[in-house]
Amino acid sequence: MADTCGQVLLGSGLTVLSHPLMYIKVLVQVGHEPLPPSLGRNLFGRQVYQLPGLFAYAKHIIKIDGKAGLFNGLAPRLCAGTIGTLVHSRVLQGNYPQLNLSKLDFCFLPNSASPFFLFFLLPQTTKEMIARSCATIVTHPFHVITLRCMVQFIGRETKYSGVFDSIVTVYKNEGVLGFFAGLIPRLLGDVLSLWICNMLAHLINTYAIDDSMSHTGEIKNCSQAVTGFFASMLTYPFVLVSNLMAVNDCGLAGGLPPYASIYPTWVDCWRHLSLEGNMSRGNSLFFRKLPVGKTYAIDQKRFF
């Protein structure tokens, strides 16, 4: 219990510190560009036109809403983090039947494929997947409210003003299903990210790192962090689609035409983003390049 409380406190502190970053990332994901492109320098020192980065975007928000404006949507996000940590910890402490891999017959698989099949049956990774999925499902309503509180910045609405008022608003307008808008791509992204990360870390630790090497533990921890970052990059489109579907057609300007298209399903959203080459929109908040073939509309503060 003490460990769980420590995790909650640590997670809450990190959430507060990282909230302005997430806030700006979400606004960029939905396509809100309040500042026109400016002349800057890329990584190689060459002058190019760039979109405003993290700090310029933050200054713009502070200019309009003050420093407190950078923390719009913080309350429901803290609720999601606290509840998610408790659910995740509770599920991990549960007892599940263990799979006896020694009794499985792998004669139907070639020898080279057996290690990969064995890996995907690792009970620890499966248990972690179940715990994360349960936490994601339980906390997704708060995640939806968080995103909508943030996107209100675009149209200057006050529709979602508090956790309890927002819960009532979502239920009145969309029913129970409104709390789970964008859940499927978020779940898929979480599961894929976990398996990709663990699979790559397992391969590196097994075949690339010798246990006789010095500082083996530190090297394995480093490989886990690197593979985690790589997995998050690969599954970023699922995060983008999930966030867009959470605010799509919810009554806010940021999720309605002409600012944003209305998508019947998350698959339609994926296809539209893919056709426009926007699958990585919001992935980076530094050295942001201009979209190819797009025109900046000053009045609507977005690209067409």
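**Note on salt bridges and backbone in a predicted model**

1. The side chains of R288 and E33 form a salt bridge, with N to O at 2.3 Å. R288 belongs to strand β3 (residues 288-289) and E33 to the loop between α1 (2-29) and β1 (38-41), so the pair ties together parts that are 255 residues apart in sequence. Both R288 and E33 are buried.

2. E128 and R132 meet through their side chains in a salt bridge of 2.8 Å, N to O. The two residues are 4 apart in helix α5, so about one helical turn separates them. E128 has a relative accessible area of 16% and is therefore buried, the cut-off being under 20%. R132, at 35% relative accessibility, counts as partly exposed. The structure holds 4 salt bridges, including the pairs described in these points. Side chains of opposite charge can pair when their charged atoms come close.

3. Which backbone value sets R156 apart for comment? The phi of R156 is near 60°, a positive value in a residue other than glycine. Most residues other than glycine have a negative phi. The loop that holds R156 runs between α5 (123-155) and α6 (163-174).

4. D249 is not a glycine either, and has a positive phi of about 55°. Where does D249 lie? D249 is in the loop between α9 (236-247) and α10 (266-276). Its relative accessible area is 42%, so D249 counts as partly exposed.

5. For the chain as a whole, there are 10 helices and 5 strands. Of its 304 residues, 40% count as buried. The chain exposes about 17,000 Å², and carbon and sulfur atoms supply 65% of that area.

6. How much of the contact set comes from residues 24 or more positions apart? Among contacts in the chain with a separation of 6 or more, such residues account for 74%.

Conventions. Residues are numbered from 1 along each chain as its sequence is written. This is a predicted model: local features need pLDDT of at least 70, side-chain atom pairs count only at pLDDT 80 or more; totals for chains, interfaces and linings use all residues. Side-chain values use heavy atoms; hydrogens and water are left out. Buried means under 20% relative accessible area, exposed over 50%, partly exposed in between (1.4 Å probe, protein chains only). Contact means heavy atoms within 4.5 Å. Accessible areas come from the Shrake-Rupley method with a 1.4 Å probe; for residues, only the protein chains shown count as cover.
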